Amino acid sequence: MGRERETMYRKMFIGKKKIGKKCSARAHAAHFTESGLRKKFGRKCRVKAHAAYFTEAVLQKKSGRKSRAKAHAACFTEAVLQKKSGRKSRVKAAFALYALLSLFFLCAFAPKDGEYSVAVELAGGSGKASITSPTLLTVKNGEPVARIQWSSPNYDYMVVDGVTYYSQSEEGMNSVFEVPVLCWDGWMDAVADTTAMGSPVEIHYQLYFYQDSVGSKSELPQEAAKRVLCVAAVIIVVGGVLNYFVKKKHS
């Protein structure tokens, strides 16, 4: 009995020992596996963290480049627009100054004292009346005065710049006025009173005097007609004298 019990105890002890060894081996294996997995997961997490950090850094760099590029583009665009607006402003200012100076010189233009011819254009009214062009321009004390000759004898006075000017022609002749030239190369307002329709009627007209047409008095049609008459008279006289000497010679 004693031996059997001892044998049984030994078997139980050996079994426990084996089971203990197996458990410890399993525990060691589980611990190793767990530590291995932890290491692997740690490496993966670090790799993922590094990848995420690198990706975020790249994106930040790209976004920073884009932001800087956008800022440079906006700054360049604004500078270009400012330059363009500045150029437009300078061009507008120069054009306005040129227009003012041109207007000043045109309106202030006056030839030396004397008599000239000048081309004049008429606008307004019914379009039936007309004036002689070129016409006589008289400059006295630096003030130009134009001779306005109408195609009708029915005009009795003209109003220019609030001043009334009466006809200087003889009765039955076409109306003639002497009015000041207020502006060159620009429309000048004038009012003419006519009795062509029975009762006097004031009609609004505009006169345009061409500065570059101011020339010698000899260019006027009246002066040309005078020259033609003078030449004809000279020819007649010379022809009569020659005819006289020819007849005298033959006689």
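**Strands, a buried serine and some rings**

Visitor: Which residues form one aromatic cluster with Trp150?
Guide: Trp150, Tyr155 and Tyr205 form one aromatic cluster. Rings of Phe, Tyr and Trp (its six-membered ring) pair if their centres lie within 6.5 Å; planes under 30 degrees apart count as stacked, over 60 as edge-to-face and the rest as tilted. This is a predicted model, where local features need pLDDT of at least 70, side-chain atom pairs count only at pLDDT 80 or more, and totals for chains, interfaces and linings use all residues. Residues are numbered from 1 along each chain as its sequence is written, and side-chain values use heavy atoms, with hydrogens and water left out.

Visitor: How many aromatic pairs are there in the whole structure?
Guide: A search finds seven. Take Tyr208 and Tyr210: their ring centres are 4.7 Å apart and their planes stand at 50 degrees, so this pair is tilted.

Visitor: Is Tyr208 buried or exposed?
Guide: Tyr208 counts as buried, at 16% relative accessibility. Tyr210 counts as partly exposed, at 29%. Buried means under 20% relative accessible area, exposed over 50%, and partly exposed in between (1.4 Å probe, protein chains only).

Visitor: New topic. Where does Ser175 lie?
Guide: Ser175 lies in the loop between strand E6 (163–166) and E7. Strands (E, at least two residues) are DSSP runs, numbered from the N terminus. Ser175 is buried, with a relative accessible area of 1%.

Visitor: What is Ser175 in contact with?
Guide: Leaving aside neighbours within four places in sequence, its contacts include Trp150, Pro153 and Tyr155. Contact means heavy atoms within 4.5 Å. A polar atom of the Ser175 side chain also lies 3.4 Å from the backbone oxygen of Pro153.

Visitor: On to the sheet. In what order do the five strands come?
Guide: The order is E7-E4-E3-E1-E10, in an open sheet with antiparallel pairing. Two strands pair if DSSP finds at least two bridges between them.

Visitor: Which strands stand at the edges?
Guide: E7 (176–180) and E10 (215–216) do. Each has a single partner strand, so one side of each is left without a neighbour in the sheet.

Visitor: How many bridges join E4 to E7?
Guide: Five bridges join E4 (residues 143–149) to E7. In that pairing, Ala146 stands opposite Val179.

Visitor: And E8, which strands does it pair with?
Guide: E8 pairs with E5 (residues 155–160) over four bridges, in the antiparallel sense. Eight bridges join E8 to E9 (residues 201–209), also antiparallel. There, Asp189 has Gln206 as its bridge partner.

Visitor: How many of the eight residues in E8 are buried?
Guide: Six of them, so to speak "mostly covered".

Conventions:
Polar contact = N/O pair within 3.5 Å; in protein donor to acceptor, adjacent residues only side chain to side chain.
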